[in-house]
Amino acid sequence: MTRIDQEGGAMSQNRQTVETYLEGFRKNDHAQILSCLTDDIEWTVYGAFHLTGKQAYDEAIDGPAFVEPPQLEIVRMVEQDDVVMAELTGSVLRPDGTTMRMSMAEVFVMRDGLIAERRAWVIELKENDYR
């Protein structure tokens, strides 16, 4: 089934993979998330961590700082060659009952329709939509 992007055109395989990946994160569906990754996946969240491999990735999906899957909204997604970039906003419940709101920039480096590298910049928003 071909998915349609916001502009009404057919979505590329790479963008479909990223969409499927993000939906897996929204549901905390490890199998769905891992199905979108290469075996040698690299994941970097700048200022926080860097890991390599599906096993390490799987173990990091349920980080100790959050109680449930994040709510993620795509602001925009662009693609060039084997790179998909996404601007996201989101929120997630913390163990103390507070909600963390965030703005994110994500770079997905693709190989054969799968995510081979994910680079993320996550900014916590404490005051408004930009601070």
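This is a predicted model: local features need pLDDT of at least 70, side-chain atom pairs count only at pLDDT 80 or more; totals for chains, interfaces and linings use all residues.
Me: In what order do the six strands of the open sheet lie?
Reply: Strands of a sheet pair through backbone hydrogen bonds, either parallel or antiparallel. Here the pairing is mixed, and the sheet is an open one. Its edge strands, each of which pairs on one side only, are E2 and E3, while the twist averages 15 degrees from one strand to the next. Read across the sheet, the order is E2-E1-E6-E5-E4-E3.

Me: What is the bridge partner of Gln80 in E4?
Reply: Strand E3 takes in residues 71–80, and nine bridges join E3 to strand E4, made of residues 83–93, with the two strands running antiparallel. In E4, the partner that Gln80 meets through a bridge is Val83.

Me: What angle does the direction of helix H3 make with that of E1?
Reply: Helix H1, residues 13–27, packs on the sheet and touches E1, E3, E4, E5 and E6, and its direction makes about 165 degrees with that of E3. Helix H3, residues 54–61, also packs on the sheet, where the strands touched by H3 are E1, E2 and E6. Between the directions of H3 and E1, the angle is about 50 degrees.

Me: Which element gives the most to the lining of the largest pocket?
Reply: The largest pocket, with a volume of about 630 Å³, is lined by 29 residues, of which Phe25, Trp43, Ala60, Ile61 and Phe66 lie nearest its centre. The elements that each give two or more residues to this lining are H1, E1, H3, E4, E5 and E6. By class, the lining has 23 nonpolar, two polar and four charged residues. With four residues, the element that gives the most is E5.

Me: Is Ser91 buried or exposed?
Reply: Ser91 has its place in strand E4, and, leaving aside residues up to four places away in sequence, Ser91 touches Pro70, Gln71, Thr99, Met100, Arg101 and Met102. A residue is called buried when its relative accessible area is under 20%. The relative accessible area of Ser91 is 17%, and therefore Ser91 counts as buried.

Technical notes. Residues are numbered from 1 along each chain as its sequence is written. Side-chain values use heavy atoms; hydrogens and water are left out. Two strands pair if DSSP finds at least two bridges between them. Axes are lines fitted to C-alpha atoms, for helices over the stretch in contact, and angles run from 0 to 180 degrees between N-to-C directions. Contact means heavy atoms within 4.5 Å. On a 1 Å grid over the protein atoms alone, a cavity is a set of points where a 1.4 Å probe fits but cannot get out, and a pocket is an open set with protein on both sides within 12 Å along at least five of seven lines; lining residues have an atom within 4 Å of a point. Grid points are joined across faces, edges and corners, and a volume is the space filled by probe spheres set on the points. Ala, Val, Leu, Ile, Met, Phe, Trp, Tyr, Cys and Pro count as nonpolar, Asp, Glu, Lys and Arg as charged, and the others, Gly among them, as polar. Buried means under 20% relative accessible area, exposed over 50%, partly exposed in between (1.4 Å probe, protein chains only).
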